[in-house]
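Please load the model in your viewer and keep the selection panel at hand. The stops below follow one another, and each names what to select and what is to be found there.

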Amino acid sequence: MSTERAAAHTPDAVLERFYGVIPAGGTGTRLWPLSRAAAPKFLHDLTGSGSTLIRATYDRLRPLCGGRTMVVTGIVHRRAVLEQLPEIEDLDLVLESEPKDSGAAIGLAAAILHQRDPRIIMGSFAADQVISPVEVFQDAVREAIHTAAQGYIVTIGIEPTHPSTGFGYIRAGEPLAIEGAPSAHAVIEFVEKPSQEVADGYMESGNYSWNAGMFVAPVDLMLKHLSANEPELYAGLMEIAEAWDTPQRVEVARRVWPTLPKIAIDYAVAEPAAAAGDVAMIPGAFSWDDVGDFAAIGRLNPAEENSELTVMGEGARVFSENASGIVVSDTKRVIALIGIDDVVIVDTPDALLVTTKEHAQEVKKAVERLRASGDTDVL
């Protein structure tokens, strides 16, 4: 083997091929009225850390990719994202004129990177997740990169802490003998959100992990499966990608993007790739939360000592007596709670939400009703 070829197989050389991709989409309707279309949840500090979710995502990836990072987000969020991530170069900021789901978003990132260097290994990590400890996450990603270099689409499966019916699952198969990735396993299948009885069985078996939508893969393999399963989407994305680093980028993207079919990356790539034996999993032994509702914010922001009420918001004015739950205040209005349990109150200048942790997942219904009634000024 030549010295050059041997160097290409060293661990450092593999890691140098890694490029981070951060899909930053969605409006977080379960976090309304805090999260809005113009200011979705990834632009907020929801953990009290002083860092927004998208900034924290970038900072987690930076030691792994040395700043080689692409962000895919809506065109209306361009200014806000650049304020959070001034390091992002213009050609690495992919702006969607309209939402097209994760298949188009992640697929376009893969296509653009493939045009630049078909040897790139990309890692896609959503902008709105909370992860700790960061070092454990980074170790899992390094294993995923080494596994991807052997010709796999790799997902990081979260070790479940309870039999959740709100997440999809990954069924792990036999361990893979991959240097640099001792915990890599084959993936047998992806499973949709289960019933409670089925979720209980998953926990007992120990063969299932939560699907957090984290993917690490060679860009050429991602595109191979996209081409086979969604040829129309593949063709459109390749047309945009071929023009991306040229003066025709804006014209081509404006013309082609609205014509693309909407499909999740799980259906377009991950599930058929798993059926073909091309998917592996690295178990993620770290704490993970997708901050899906206000109950999650309560978990991530414990109440102060001698209190059962979490209060968030600069200068929030809250009085409580025998009350528990969470209050998020973006006003100077005094909020008094007396004798009420597990309450969720979100007070903003133009909208007030009052519910309970038990019903926190149903907040999106209010958003749907407001949209249907034409009250879009508060969305």
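How do the residues of the lining of the second largest pocket divide into nonpolar, polar and charged? They divide into 12 nonpolar, 11 polar and seven charged, where Ala, Val, Leu, Ile, Met, Phe, Trp, Tyr, Cys and Pro count as nonpolar, Asp, Glu, Lys and Arg as charged, and the others, Gly among them, as polar. Before going further, note that this is a predicted model, in which local features need pLDDT of at least 70 and side-chain atom pairs count only at pLDDT 80 or more, while totals for chains, interfaces and linings use all residues. Residues are numbered from 1 along each chain as its sequence is written, and side-chain values use heavy atoms, with hydrogens and water left out.

**The pocket**

Select Met312, Gly313, Glu314, Val328 and Ser329, which, of the 30 residues lining the second largest pocket, lie nearest its centre. Strand 12 (309-312), strand 13 (317-321) and strand 14 (325-329) are the elements that give two or more residues to this lining, and strand 12 contributes the largest share, four residues. Helices (H or I, at least four residues) and strands (E, at least two) are DSSP runs, numbered from the N terminus. The volume of the pocket is about 570 Å³. A pocket here is an open set of points on a 1 Å grid over the protein atoms alone, where a 1.4 Å probe fits, with protein on both sides within 12 Å along at least five of seven lines, and lining residues have an atom within 4 Å of a point. Grid points are joined across faces, edges and corners, and the volume is the space filled by probe spheres set on the points.

**The sheet with strands 12 and 14**

Now show the open sheet of four strands, whose order is 12-14-16-17 and whose pairing is mixed. Strand 12 and strand 17 (352-356) stand at the edges with a single partner strand each, so one side of each is left without a neighbour in the sheet. Strand 12 and strand 14 pair in the parallel sense over four bridges, pairing being taken to need at least two DSSP bridges between two strands.

Move to Phe319, which is found in strand 13 and counts as partly exposed at 44% relative accessibility. Buried means under 20% relative accessible area, exposed over 50%, and partly exposed in between, with a 1.4 Å probe and protein chains only. Leaving aside neighbours within four places in sequence, Phe319 is in contact with Ile335, Ala336, Leu337 and Ile338, where contact means heavy atoms within 4.5 Å. In the loop between strand 13 and strand 14, select Asn322, which has a positive phi of about 55° although it is not a glycine, and which is exposed with a relative accessible area of 64%.

Is Val291 buried or exposed? At 0% relative accessibility, Val291 counts as buried. Ala296, which lies in helix 12, is also buried, with a relative accessible area of 0%, and, neighbours within four places in sequence aside, Ala296 is in contact with Asp289 and Val291.

**Strand 4 and helix 8**

Next select strand 4 (121-124), from which Ile121 and Gly123 point one way and Met122 and Ser124 the other way, all of them buried. Strand 4 runs parallel to strand 1, joined by four bridges, with Ile121 as the bridge partner of Phe18. Four bridges also join strand 4 to strand 9, in the antiparallel sense, and here Gly123 stands opposite Val216. In helix 8 (residues 219-229), Val219, Leu221, Met222, Leu223, His225 and Leu226 are buried, and what covers them includes strand 4, strand 9 (208-218) and helix 9 (231-244).

**Two cis peptide bonds**

Finish with Trp32 to Pro33, a cis peptide bond with omega near 5°, where Pro33 lies in the loop between strand 1 (18-24) and helix 3 (53-65). The bond that joins Ser132 and Pro133 is cis, with omega about -10°, and Pro133 is found in the loop between strand 5 (130-132) and helix 6 (134-148). Most residues other than glycine have a negative phi, and most peptide bonds are trans.
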